[in-house]
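This report describes a protein model in terms of its strands, sheets and surface. The structure is shown first, and the description follows.

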Amino acid sequence: MRSARRWRVTRLLIPMTGLVLLAGAAPVLAQETETTTPRPDRVQITTPFAGVAVEPGSSATFSITVNGPIGDRVALSLEGLPDGWTGSLRGGGFEVSQVVIEAAAPVIDLEVEVPEDAEEGDYQLTVAARADSGNTELPIELRLTAAAGGSVELTTDSPELRDSADTTFNFDLELSNDTPREQQFQLQAVGPEGWFVEARPTTDTQAATLTVPPGESAGLTVEVRPNPAAPADTYPILVQAAGGGQQVEAELAVTITGSYALTLTTPDEVLNAEGTAGQPSDVALLVVNEGTSPLLGVELTTGTVPTGWDVTFSELGVTEILPGESAQVTATITPSGEALAGDYRLTVSASAPDTDATDELELRMTVNTSPLWGLVGVAVIVLAFAGLAWVFRRYGRR
């Protein structure tokens, strides 16, 4: 009975043990199946990008995988390189001429430098591989075109600004680098002689260069300070950005609307005058245009004037005073007939309509008494003496 029982247990354990062993071996078999890649029986060379477009003066790099039987020694060479071009096969920091295929297929780089004077067109290079397992070739096609390297643009939403000559103008521009390489650009801005014009990166006011990553844009600011004496006109501003063999420009403009300023004075700059009570006196005044725009329809008015006085102005003589020029006007001042002898103060203003150009002049008027009153005084004195003489002559004998 015991032997039969043992036999039955043994029969149950044997199949279970087999199942456990098979279960433990299954992952190992699966792993070996997954990691084992069939090796080619002869040398092969491949690249994911076998044809590209480049521009003159640029370079191109191709990643090349060399595969074949393990232990195969492969000699590599570059053929069909045009005159003036340079090319090399590099790996591990060295120029490579041979590789040995191991468990991991070697990867090398083909670097091709294109001269700037190369003509546009299609070119074909060949990477040749020679090994004991066989020979093979990998054609590489390059299309040479000026548009292949992308473009650089310099743009602005506000190419023209307008204001007076005493204004500081700031232009905001954007430099776009639509090329596959980071570019560093030298910035330059040119304006009229005697003006301050400067271009700089928006984020760094002290820098004269602007670095733009590939496919990105960066901002720059152009500051313009005109000559304060610049007459009203439109002035061009040229902005340039040069780097990476490319140069772009943006044409800006500053329109000076002109500044308005005037000075009211006298031809000899003497601000004293003399007059007689009740009698008109003429005083010459001078209106000088100190601004950069013409003055139209200048008007003269009185400010502080003594009571009973009258002040009138002659016509200006011209309807327009050009910048730097002047016009003369006559002020006729009539002191009150009752004015006592002495000094009096009065003010005169000049202004140009629709502008902020204005100036005020203070005159000091010395008033003398009328000669008629002097004659009257003399007559009174004479009559007084005559009366006294008559009195003495008539009553003196008594």
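The model is predicted: local features need pLDDT of at least 70, side-chain atom pairs count only at pLDDT 80 or more, and totals for chains, interfaces and linings use all residues. Residues are numbered from 1 along each chain as its sequence is written, and side-chain values use heavy atoms, with hydrogens and water left out.

**Overall composition**

The secondary structure of the protein comprises two helices and 29 strands. Helices (H or I, at least four residues) and strands (E, at least two) are DSSP runs, numbered from the N terminus. Of the 398 residues, 33% count as buried; buried means under 20% relative accessible area, exposed over 50%, and partly exposed in between (1.4 Å probe, protein chains only). The protein exposes about 24,100 Å², of which carbon and sulfur atoms supply 51%. Accessible areas come from the Shrake-Rupley method with a 1.4 Å probe, and for residues only the protein chains shown count as cover. Among contacts with a separation of 6 or more, 69% are between residues 24 or more positions apart, where contact means heavy atoms within 4.5 Å.

**Two open sheets**

Strands of a sheet pair through backbone hydrogen bonds, either parallel or antiparallel. Here two strands pair if DSSP finds at least two bridges between them.

Axes are lines fitted to C-alpha atoms, for helices over the stretch in contact, and angles run from 0 to 180 degrees between N-to-C directions.

Another open sheet has four strands in the order E20-E22-E27-E25, and its pairing is antiparallel. The edges are E20 (262–265) and E25 (310–313), each of which pairs on one side only. From one strand to the next, the twist averages 25 degrees.

| Strand pair | Bridges | Facing residues |
|---|---|---|
| E4 (73–79) and E9 (121–131) | six | Val 74 and Ala 131 |
| E25 and E27 (326–334) | four | Phe 313 and Ala 331 |
| E14 and E16 (209–212) | four | Gln 183 and Val 212 |
| E14 and E18 (233–243) | five | Gln 188 and Gln 240 |

**Strand E14**

Side chains alternate along E14 (residues 183–190).

Ser 349 lies in strand E28 (residues 342–351). Ser 349 counts as buried because its relative accessibility is 17%. Leaving aside residues up to four places away in sequence, Ser 349 touches Leu 264, Glu 299, Leu 300, Thr 301, Asp 359 and Glu 360.

On the surface, Ile 381, Phe 385, Leu 388 and Phe 392 form a nonpolar patch with about 480 Å² of accessible area together. Patches are made of residues with over 30% relative accessible area and no salt bridge; like charges are joined within 9 Å, and nonpolar side chains (Val, Leu, Ile, Met, Phe, Trp, Tyr) within 5 Å. A salt bridge is a side-chain nitrogen of Lys or Arg within 4 Å of a carboxyl oxygen of Asp or Glu. Ile 381 belongs to helix H2 (residues 371–395) and is partly exposed, with a relative accessible area of 47%.
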